[in-house]
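Subject: Structure handover

Hello,

Here is the structure for you to take over. My notes on what was found in it follow below.

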Amino acid sequence: MSNKSIYLKVKDYSVSAENFQLLYNSEFDMLETFPQPKSEKLSEYYKSDDYISHTDTKRNLLEFVYHLVRQIALKKKIKLINSFKSEANNLLDIGCGTGDFLEFALRSNWNVVGVEPDNKARKIANLKTNNSVYGIEQLVKLKPNSFDVITLWHVLEHLPDLEMHTSLFKSLLKPKGTLVIAVPNFKSYDASHYKSFWAAYDVPRHLWHFSRTSISKLFKRENIKLIRTRPMLFDSYYVSLLSEKYKSGWMNPFKAFYIATKSNLKAKQSKEYSSHIYILKKQ
């Protein structure tokens, strides 16, 4: 901890109610959750019916908004990866949840493989993908240099060993392969507005909290170059709804809509959106 300063004190609002610290790592311009749960206990923090990416339920306003936005986002994601198509079209999606993205990719003639650690979500995903989704242990067993595109949609922040995983992604990508990563941005306006209530901190499930600089620096070590960055405009609305719930006890959709819209408008100048998609190329 000696070379890292305390950036913010935060709380796990969705499962444990435990308190954590966010430590600023100046080398990579990122935040680190402290303390980080030991690997054998990490899964305990995902045991909640409210963890939406592991279910297909639509029980309330938040879940309805999440799934509505997800359908719009899925079409944009497929359009994005289709622009990287080659003759082989081999796609790996890490942390694929219930498999909706892979299902869409199959319809676009991709050869798909998914990795998902949650048993319940993986069973749902396999019903949609002809049993193409495996447990996390399969990741290190995949054939090197075999994927044209690897995607991580809000997954990198969950991975305990960043150095090992970034190296693994490089080995799995084909020469000139494309890596697509979506993560929240702790330098966005909605993050600065909600502070410790900002839902995208989501400690301790989110172990790392990235800036635009972070991603470029992390992958530069593996000779994977950041080519371009794209905003995820809808993320600020979902995050603001959940942040309002943490802050005041209810979602307050009017206030959340105002803050999310303000965040997107400010980001037109600052380029600091609530979440970004990073497109990187293996050199």
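A residue is called buried under 20% relative accessible area, exposed over 50%, and partly exposed in between. Asparagine 145 has a relative accessible area of 44%, so this residue is partly exposed. Please keep in mind throughout that this is a predicted model.

Most residues other than glycine have a negative phi, and most peptide bonds are trans. Several places in this chain depart from that.

Asparagine 145 has a positive phi, near 55°. This asparagine sits in the loop between β6 (133–134) and β7 (147–153). Lysine 176, also not a glycine, has a positive phi of about 70°. Lysine 176 belongs to strand β8, which covers residues 173–184, and its relative accessibility is 61%, so it counts as exposed. Asparagine 109, which follows α3, has a positive phi near 70°.

There are also cis peptide bonds to look at. One runs from phenylalanine 34 to proline 35, with omega near -5°; proline 35 is in the loop between β3 and α1 (39–42). Another runs from valine 203 to proline 204, with omega near -5°. Proline 204 is placed in the loop between α6 (189–194) and β9.

Strands of a sheet pair through backbone hydrogen bonds, either parallel or antiparallel. Here an open sheet has four strands in the order β1-β2-β3-β9, and the pairing is antiparallel. Its edge strands are β1 (5–11) and β9 (208–209), each of which pairs on one side only. Within the sheet, β2 (residues 19–25) and β3 (residues 30–34) are joined by five bridges and run antiparallel. Opposite leucine 23 stands glutamate 32 of β3.

Salt bridges

How many salt bridges are there? The count comes to nine. One of them is between the side chains of aspartate 12 and arginine 205, at 2.6 Å from N to O. Aspartate 12 lies in the loop between β1 and β2, and arginine 205 in the loop between α6 and β9, so this pair ties together parts that are 193 residues apart in sequence. Both aspartate 12 and arginine 205 are buried. The two also belong to a network of salt bridges that links Asp12, Asp202 and Arg205.

Another salt bridge joins aspartate 100 to lysine 128, where the closest N and O atoms are 3.2 Å apart. Aspartate 100 is in helix α3 and lysine 128 in helix α4 (residues 119–128), so the pair connects parts that are 28 residues apart in sequence. Aspartate 100 and lysine 128 are both buried. Aspartate 100 is among the buried residues of helix α3 (residues 100–107), which are Asp100, Phe101, Leu102, Phe104 and Ala105.

Lysine 47 and glutamate 44 form a further salt bridge, with the closest N and O atoms 3.1 Å apart. Lysine 47 has 57% relative accessibility and so counts as exposed. Glutamate 44, at 42%, counts as partly exposed.

Surface patches

Which residues form the positive surface patch? They are Lys76, Lys79, Arg228 and Arg230. The elements that give two or more residues to this patch are α2 (61–82) and β10 (224–231). Lysine 79 lies in helix α2, and it is exposed because its relative accessible area is 66%.

A nonpolar surface patch of about 350 Å² is made by Phe64, Leu68, Ile72 and Phe234. Isoleucine 72 is in helix α2. With a relative accessible area of 33%, isoleucine 72 is partly exposed.

A residue in helix α8

Is serine 243 buried or exposed? Its relative accessibility is 0%, so serine 243 counts as buried. This serine is found in helix α8, residues 235–248. The C-alpha atoms of serine 243 and arginine 212 are separated by 22 Å, and the two residues are 31 apart along the chain.

That is the end of the notes.

Regards

Terms used
Residues numbered from 1 in each chain as written. Predicted model: local features only at pLDDT ≥ 70, side-chain atom pairs only at ≥ 80, totals over all residues. Heavy atoms only, no water. Pairing = 2+ DSSP bridges. Buried < 20%, exposed > 50% of the residue type's maximum accessible area, 1.4 Å probe, protein only. Patch = residues over 30% accessible without salt bridge, like charges linked within 9 Å, V, L, I, M, F, W, Y side chains within 5 Å. Areas by Shrake-Rupley, 256 points an atom, 1.4 Å probe, with all protein chains shown as cover. Salt bridge = Lys/Arg side-chain N within 4 Å of Asp/Glu carboxyl O. Lys, Arg positive; Asp, Glu negative; His and termini not counted. Charge placed at Lys NZ, Arg CZ, Asp CG, Glu CD.
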